[in-house]
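Have the model open while you read.

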Amino acid sequence: MAWHLQHPHSICVTLIALDGMIKLLLLPVWLIQLCTQAKSFKNNPVIGNQMLNRCGLHVLRMVLAHGIMRLRFEMLGRNIDKKLKQAFLKDGFIAIPNVLSAEQYNNIKNEVASVNAEVRECKQGDTLTHRILLNETVQKQLPTISAMLSSDSYLSLHKFASGKNTRPVSYIQTIKNHFSDGAADPQKNLHSDTFHPTMKSWYFLDNCDSDNGPFTYVPGSHRLTLARMKWEYEKSVFICNDGDKYSSNGSFRATEKDLKAMGLGGPISLAVPANTLVIANTHGFHRRGDANKRSMRTEIWSMSRSNPFNPLPGFDQPAFAKLQNSALGWYREYCDRKAAKRGAKSSWHVVESRNTLDDVDAVTMEKEAA
Ligand SMILES: [Fe+2]
């Protein structure tokens with residue numbers, strides 16, 4: 001027996017048998033995931049199976065998900081301003097300037113500047129992103145932000161745009177362009193977040209322009225046209241063997257040539273003034289805009305995503321929102337512990353300082369003076 005275990009051939013056979021058994025045990029999980037928002041071609045060998053995608057698995061999931069989400073948009077869009085609703089369904093985004101009074105806007109700026117809460121940082125290429133989760137405890141310090149997030153107008157628009165009858169998860173987010181050494185920011189490549197409609201929003205606290213990288217979107221690219229289905233079909237077959245990291249994870253990257261093949265126009269930069277609310281269906285192609293210089297922008301950022309195969313939009317239960325925020329906190333702490341065991345930091349790790357542009361420039365000036 002000992003001889004068999006030590007023999008390289010036997011070890012190889014044992015490992016292959018073990019791998020087969022694990023795959024067999026996981027197969028039911030991978031199959032169930034087909035009916036959820038799971039999107040990774042890499043982590044789920046059924047979603048990433050080339051033969052199944054040749055038979056149209058990926059496109060079939062898209063068609064079903066888009067049909068069901070359209071029903072949910074209709075269910076939650078009955079009390080939405082007609083023009084906003086039409087614009088969102090036609091273009092995939094809406095931008096509402098001067099959404100709050102000057103007084104409310106100034107109060108929010110002050111609250112963001114003085115908030116005392118856990119800050120997490122993520123580095124993507126040469127961009128740093130800072131986020132503060134706006135859970136119930138943090139919102140107690142921020143009465144104007146809390147009032148905005150709970151207002152009927154904010155909630156009804158977000159529920160409609162996400163097709164989900166629960167409140168989104170919200171953060172104070174600061175994007176810091178060219179704040180770190182590194183390659184180009186991967187979020188600055190045009191991409192679709194996932195195969196089904198999904199919502200993100202930005203209430204901008206700073207003016208957005210080519211200096212600090214405005215949100216960039218391809219109008220109408222959220223719609224499931226025949227040309228889009230053809231492109232998705234070809235991409236789904238191709239990436240089973242040879243996809244870039246992000247496309248293989250289910251966030252398909254698109255080039256200008258791809259946009260033309262899908263009959264889409266070019267991307268537009270949403271250079272909008274502060275106090276503008278932008279809500280987008282990020283199934284449509286979008287990216288962080290290019291920034292001409294080291295710069296930052298701060299916003300109240302919200303997102304909402306759900307199982308697109310569930311025809312029911314859900315119920316707005318404050319207890320559920322609380323649990324959702326707690327679960328996010330626990331998940332981040334779990335990632336911290338897991339990374340710490342490897343002697344590393346998690347991708348969204350806690351940072352001591354929020355590092356304003358002035359702080360960084362002061363350090364640079366000191367270095368230059370030295
Ligand atoms: Fe995205």
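## A helix and its neighbours

The buried residues of α4 pack against α3 (50–54), α9 (152–162) and α10 (226–242). This is a predicted model, where local features need pLDDT of at least 70, side-chain atom pairs count only at pLDDT 80 or more, and totals for chains, interfaces and linings use all residues. Residues are numbered from 1 along each chain as its sequence is written. Helices are DSSP runs (H or I, at least four residues), numbered from the N terminus.

Helix α4 covers residues 57–76, and its 20 residues reach 29 Å from first C-alpha to last, close to the 28 Å expected at 1.5 Å a residue (that is, 1.5 Å times one less than the number of residues). Its buried residues (20 or more other C-beta atoms within 10 Å of their own, C-beta atoms being placed from the backbone) are His 58, Arg 61, Met 62, Ala 65, Met 69, Arg 72 and Leu 76. They span an arc of only 100° around the axis, so they sit on the same side of α4; the arc is taken from the directions from the helix axis to the C-beta atoms.

Now for Gly 77, in the loop between α4 and α5 (82–91). Gly 77 counts as buried because it has 21 C-beta neighbours inside 10 Å. Beyond its neighbours within four places in sequence, Gly 77 is in contact (C-beta atoms, placed from the backbone, within 7 Å) with Lys 85 and Phe 160.

| Item | Value |
|---|---|
| α4, first to last C-alpha | 29 Å |
| Gly 77 to Thr 166, C-alpha atoms | 14 Å |

Note on methods. Helices (H or I, at least four residues) and strands (E, at least two) are DSSP runs, numbered from the N terminus. A residue is buried if 20 or more other C-beta atoms lie within 10 Å of its own, exposed if 12 or fewer, and partly exposed in between; C-beta atoms are placed from the backbone. Two residues are in contact if their C-beta atoms, placed from the backbone, lie within 7 Å.
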